[in-house]
Amino acid sequence: MIGLHIHTDGSELDGSCEVNSLIAKTKLQGERAVAITDHGTCLKHYEFYKVATANGIKPILGCEFYCGEEDSKEYFHLIVLAKDNTGLKNMYNLMYLAHKNFYRKPRVRYCDLEKHKEGLIVLSACLGSETARAFKAGRIDEAINTMKFFKRTFGEDYYLEIQPNSIPLQKDYN
């Protein structure tokens, strides 16, 4: 299993994992690759890349974006991973645009995701995702329509994320 949704200490008020300890644990478990997906930032990418490659671990660069329209207080989580250099450039473009659209959080608009989708892999994310929130509220059709939007936009590069944890709602959502 490869960890694709991991927050380092670069995630403000959310992650506490240091890059060196993440890579050490990845090696100890015999894994060959690992991703970082800090909340709303790519600041740890360079350090992560250097430490991972120096230790023979494939670094997967990602971000947990906050998505939403710029005129709304509501935002949702979405995991984005770069699958190649084009994807990395697009991720950094999205990060720039997210900070231009800053409202409480650096947010990516859905229209920007559609414009900068090449080379990106998208995961449905955690209980903070649009799909999960609709599911939690009993709006199943809305959850399905959200998944259909991402599937239409990203095709084979859209995946539903399953998190094996003990949160009761997460078990139902999985």
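Mentor: Start with a term: two residues are in contact when heavy atoms lie within 4.5 Å. The model is predicted, so local features need pLDDT of at least 70 and side-chain atom pairs count only at pLDDT 80 or more, while totals for chains, interfaces and linings use all residues. Residues are numbered from 1 along each chain as its sequence is written, and side-chain values use heavy atoms, with hydrogens and water left out.

Now the residue to begin with. Ile-23 lies in helix 1. Helices here are DSSP runs of H or I with at least four residues, strands are runs of E with at least two, and both are numbered from the N terminus. Ile-23 counts as buried because its relative accessibility is 1%. Buried means under 20% relative accessible area, exposed means over 50%, and partly exposed is in between, with a 1.4 Å probe and protein chains only. Setting aside residues up to four places away in sequence, Ile-23 touches Val-34, Phe-48, Val-51, Ala-52, Asn-55 and Ile-57. Take one pair across the chain. Ile-23 and Thr-53 are 30 residues apart in sequence, and their C-alpha atoms are 9.6 Å apart in space.

Next, the two helices. Two packed helices are described by the angle between their axes and by the distance between the axes. Helix 1 covers residues 19-28 and helix 2 covers residues 45-54. They pack at an angle of about 35°, and their axes are 10 Å apart. The axes are lines fitted to C-alpha atoms, for helices over the stretch in contact, and angles run from 0 to 180 degrees between N-to-C directions. The crossing of helix 1 past helix 2 is right-handed. That word applies when the near helix is turned clockwise from the far one by less than a right angle; anticlockwise is left-handed.

Which residues make the contact? Helix 1 brings Val-19, Asn-20, Leu-22 and Ile-23. Helix 2 answers with Glu-47, Phe-48, Val-51 and Ala-52. This contact divides into 6 nonpolar, 1 polar and 1 charged residue. Ala, Val, Leu, Ile, Met, Phe, Trp, Tyr, Cys and Pro count as nonpolar; Asp, Glu, Lys and Arg as charged; the others, Gly among them, as polar.

Lys-44 has 18% relative accessibility, so it counts as buried. Its side chain and that of Asp-9 are joined by a polar contact of 3.2 Å. A polar contact is a pair of N or O atoms within 3.5 Å; within protein, one must be able to donate a hydrogen and the other to accept it, and residues adjacent in sequence count only if both atoms are side-chain atoms.

Strand 2 (residues 58-67) holds Gly-62. Gly-62 is buried, because its relative accessibility is 1%. Beyond four places in sequence, its contacts are Ile-36, Thr-37, Asp-38, His-45, Val-80, Leu-81 and Met-91.

A loop elsewhere gives another view. Ala-125 lies between strand 5 (120-123) and helix 5 (130-136). Its phi is near 80°, a positive value in a residue other than glycine. At 1% relative accessibility, Ala-125 is buried. Gly-128 is found in the loop between strand 5 and helix 5. The C-alpha atoms of Gly-128 and Leu-28 are separated by 31 Å, at 100 residues apart along the chain.

Last, the whole chain. It has 7 helices and 6 strands. From the N terminus, the elements run α-β-α-β-β-α-β-α-β-α-α-β-α. Of its 174 residues, 49% are buried. Among contacts with a separation of 6 or more, 68% join residues 24 or more positions apart. The C-alpha trace spans about 45 × 35 × 30 Å along its principal axes.
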